[in-house]
Structure formats: structure tokens, C-alpha cells
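Me: Could you walk me through this one? I'd like to go over the packing and then the strands.

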Amino acid sequence: MFSSCRLARDVIVAAFCLVASAAGADEPPPVWAYPVAPPDYAPPKDDGSVRHVPGNSRGYTLTEIRDLFVARDWFPDAHPPMPAVVAQGRHPDTRPCGVCHRPEGVGGPENASLAGLPADYMLRQIDDFRSGARSTGVKERAHVFRMVAALRNLSEQEIAEAVAYYAALKLPPRIKVVETDTVPMSYVPFWYYTPKTDGTTEPLAGRIIEMPDDEENFVNRDFHVTFTAYVPRGSIALGESIANEGLGTRIPACIACHGQGLKGIGDIPPLAGRSPSYLVRQLYEFKHGLRDGPMAAPMRATTEEMSLQEMVALAAYAASLKP
């Protein structure tokens with residue numbers, strides 16, 4: 001097991017080194033923020049049993065849950081009727097929005113939570129993805145490029161329907177931020193971390209490790225699943241200072257644009273209660289020009305002098321807030 005994990009880590013580190021030349025050789029992407037499953041990972045086979053989630057009489061097999069052209073909707077009463085583009089995909093390369101971002105818009109650490117994002121902001125991001133102005137720090141995260149391919153296949157009407165649907169939803173509180181020196185040992189089954197079952201731990205060492213509290217039902221795509229984000233000690237206080245006061249002339253206060261409590265202003269997105277892993281990726285990508293759309297300049301200027309420790313702190317604080 002150790003040799004397999006070490007090989008996987010070496011492969012991922014090598015991939016990051018390649019990307020670093022494009023994103024800035026002085027600061028390669030933080031490996032931990034861009035989890036990629038090792039090449040030899042084999043997902044569990046479907047044993048044919050019907051799966052259920054708490055509080056629901058519906059049932060699906062693992063094969064049905066893994067069908068990435070259908071957004072499995074366990075709780076249809078928890079949201080308005082889904083537009084077709086959110087609920088159903090088109091083979092072979094257009095997956096529905098809801099399969100990754102969920103019918104409720106909560107997403108996961110591997111992608112964005114869309115619920116409650118301003119419609120104009122989402123439209124800008126779609127334009128940026130389609131034009132190539134927005135990308136990702138690690139080319140091995142193939143799900144990002146599958147999404148871009150799907151976006152390019154959508155009509156303007158489908159995009160408008162999806163954006164209006166997700167903008168009208170509310171993001172529920174679902175992330176517990178824990179400051180610590182150590183973290184449960186974990187592995188990467190796809191694009192996220194999940195804890196091992198042997199009770200072992202390792203030093204957190206400046207990272208954020210965000211894991212579902214119920215991995216089985218996260219795989220089942222139950223939007224009720226909560227997450228624990230392990231962050232370095234002192235992160236929340238430092239992040240609060242950056243968000244509300246800034247750091248001198250080097251980093252302006254985030255609330256100037258993102259509002260009190262980081263709940264957003266107008267078409268500037270809310271950050272409160274959203275995945276800290278995702279937020280760190282975005283800060284890194286703004287800093288290194290991987291997010292370069294029409295409205296990216298203020299964020300590029302803000303992040304240019306921001307250290308990874310400060311990014312971690314800001315993301316930890318934002319995630320600790322109520323959406």
C-alpha cells in the first residue's frame with residue numbers, strides 16, 4: 001500500500017511540475033488543493049444491490065448512480081423542477097449540470113457550489129470557460145475539460161435556463177472547519193479526499209484537507225452530506241483579518257467587493273460557506289492568470305502578493321461562515 005501511494009504521489013507531483021512552467025515556475029500549484037486519483041485506482045464494482053439514502057424510499061444501483069448523463073434526484077421536493085439541461089445529458093459528450101453540481105446546486109470539494117451564485121456572474125464564467133479565458137491549474141483534472149466541452153454544446157437558451165435555476169437556489173450550511181495540526185490519513189478515489197478506515201493520521205502541514213463526513217452517501221449524490229475541512233491552526237483568525245481589514249497596502253479587504261460576511265454584492269459572488277479547497281484553487285488561478293476574463297483584473301491584483309498561507313487562511317475563514 002505504501003509503495004502504491006508513494007508512486008501515485010510521485011506521479012501527481014510530476015504533473016504539477018509540468019503545469020508549473022505555464023502557471024509560474026516560482027510557485028507551482030499546491031498539490032493538495034488539486035486531488036487526482038492515482039493511475040491504478042479501480043473504483044468498487046457494482047454488486048447489484050439497490051442503494052438508498054436516509055429519509056428516502058427511492059433506490060438506485062451503483063451503476064445507475066454512476067450514469068453521468070442523468071442527475072439522480074433523490075429529493076425532488078427540495079428544489080424547483082429542473083430544466084432539461086440540469087437533469088438530462090446528451091450522449092456522447094454533454095453531461096447535465098446536475099450530475100456534478102447536483103440538482104440542489106451544492107456541488108462538492110471537486111467543483112463549484114452553484115446554488116445562490118449571481119446569474120450575471122455565472123454567465124461570465126460560462127463565457128470565460130468557453131473562450132478559454134478560464135482554465136485549471138492541473139490539466140489532469142479531466143472533469144473540468146469535460147464540463148467545458150459540454151458548455152460549448154449548449155444553446156443560449158439552455159444556458160439561460162440553467163443559470164436562472166441555480167441562481168434561485170439557496171446554499172445550505174454544510175462545511176465544518178476544524179483547526180488542527182494533524183489530519184486523518186486519506187486517499188483520493190476521484191477528485192476528492194476521503195478518510196482511510198484504519199484510524200491513522202498525518203501532519204496537516206499547511207494544507208486544507210476537506211472530506212465528506214459520509215463518503216458512501218456522497219457517492220450516492222445525497223445533497224445532505226456534510227464535510228469537514230481540516231485547516232492549520234490560526235487560519236480562521238488570519239483569514240478574518242484579511243477579509244475584513246486587509247493586510248496594509250498589500251492585500252485589500254475582501255468585504256469591499258464581496259460584502260459583509262462575504263455574502264456577495266450584486267454580481268460579485270458570495271464566498272461564505274463554500275468549499276475552501278475550491279476557493280484556494282481559484283485564488284491560485286487568479287494569481288497565475290488561469291482565470292483571465294473581463295472581470296478578473298481586480299482579483300489578479302489582489303492575489304499577486306498573496307502567499308499560499310494567506311490563501312489558505314482566507315479560504316478557511318470564508319468556509320467557516322454561514323452561507
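This is a predicted model: local features need pLDDT of at least 70, side-chain atom pairs count only at pLDDT 80 or more; totals for chains, interfaces and linings use all residues.

Me: Ok, how many residues are in the largest nonpolar core, and which have the most contacts inside it?
Reply: The largest nonpolar core holds 74 residues, and those with the most contacts inside it are W32, V86, Y166, I208 and L262. Helix 13, residues 308-320, gives the most to this core, with eight residues.

Me: What is L262 in contact with, sequence neighbours aside?
Reply: Leaving out neighbours within four places in sequence, L262 is in contact with A243, C254, I255, P270, L271, A272, Y317, A318 and L321. Of these, Y317 and A318 are also among the buried residues of helix 13.

Me: Back to helix 13, is it mostly covered or mostly open?
Reply: Mostly covered, since 10 of its 13 residues are buried, namely E310, M311, V312, A313, L314, A315, A316, Y317, A318 and A319. The buried residues of helix 13 pack against strand 1 (175-179), strand 7 (227-231), helix 9 (235-245), helix 11 and helix 12 (297-303).

Me: And what does helix 13 span from first C-alpha to last?
Reply: Helix 13 reaches 18 Å from its first C-alpha to its last, which is close to the 18 Å expected at 1.5 Å a residue.

Me: Switching topic, why does K287 count as buried?
Reply: K287 counts as buried because its relative accessibility is 17%, and the cut-off for buried is under 20%. K287 lies in helix 11, residues 276-287, and, with neighbours within four places in sequence left aside, is in contact with E27, R300, T303, E304, M306 and M311.

Me: Now the sheet, what is the strand order?
Reply: It is an open sheet of three strands in the order 1-7-6, with mixed pairing. Strand 1 and strand 6 stand at the edges with a single partner strand each, so one side of each has no neighbour in the sheet. Neighbouring strands here are turned by 20° against each other on average, with direction ignored.

Me: Which pair is parallel, then, and which antiparallel?
Reply: Strand 1 and strand 7 pair in the parallel sense over five bridges, whereas strand 6 and strand 7 run antiparallel and are joined by four bridges. Y230 in strand 7 is the bridge partner of I209, and V178 stands opposite Y230 as well.

Me: Are the faces of strand 6 covered or open?
Reply: Both faces of strand 6, residues 209-212, are covered, with I209 and M211 buried on one side and E210 and P212 buried on the other.

Conventions: Residues are numbered from 1 along each chain as its sequence is written. Side-chain values use heavy atoms; hydrogens and water are left out. A nonpolar core is a set of buried Ala, Val, Leu, Ile, Met, Phe, Trp, Tyr and Cys residues joined through side-chain atoms within 4.5 Å. Buried means under 20% relative accessible area, exposed over 50%, partly exposed in between (1.4 Å probe, protein chains only). Helices (H or I, at least four residues) and strands (E, at least two) are DSSP runs, numbered from the N terminus. Contact means heavy atoms within 4.5 Å. The expected span of a helix is 1.5 Å times one less than its number of residues. Two strands pair if DSSP finds at least two bridges between them. Axes are lines fitted to C-alpha atoms, for helices over the stretch in contact, and angles run from 0 to 180 degrees between N-to-C directions.
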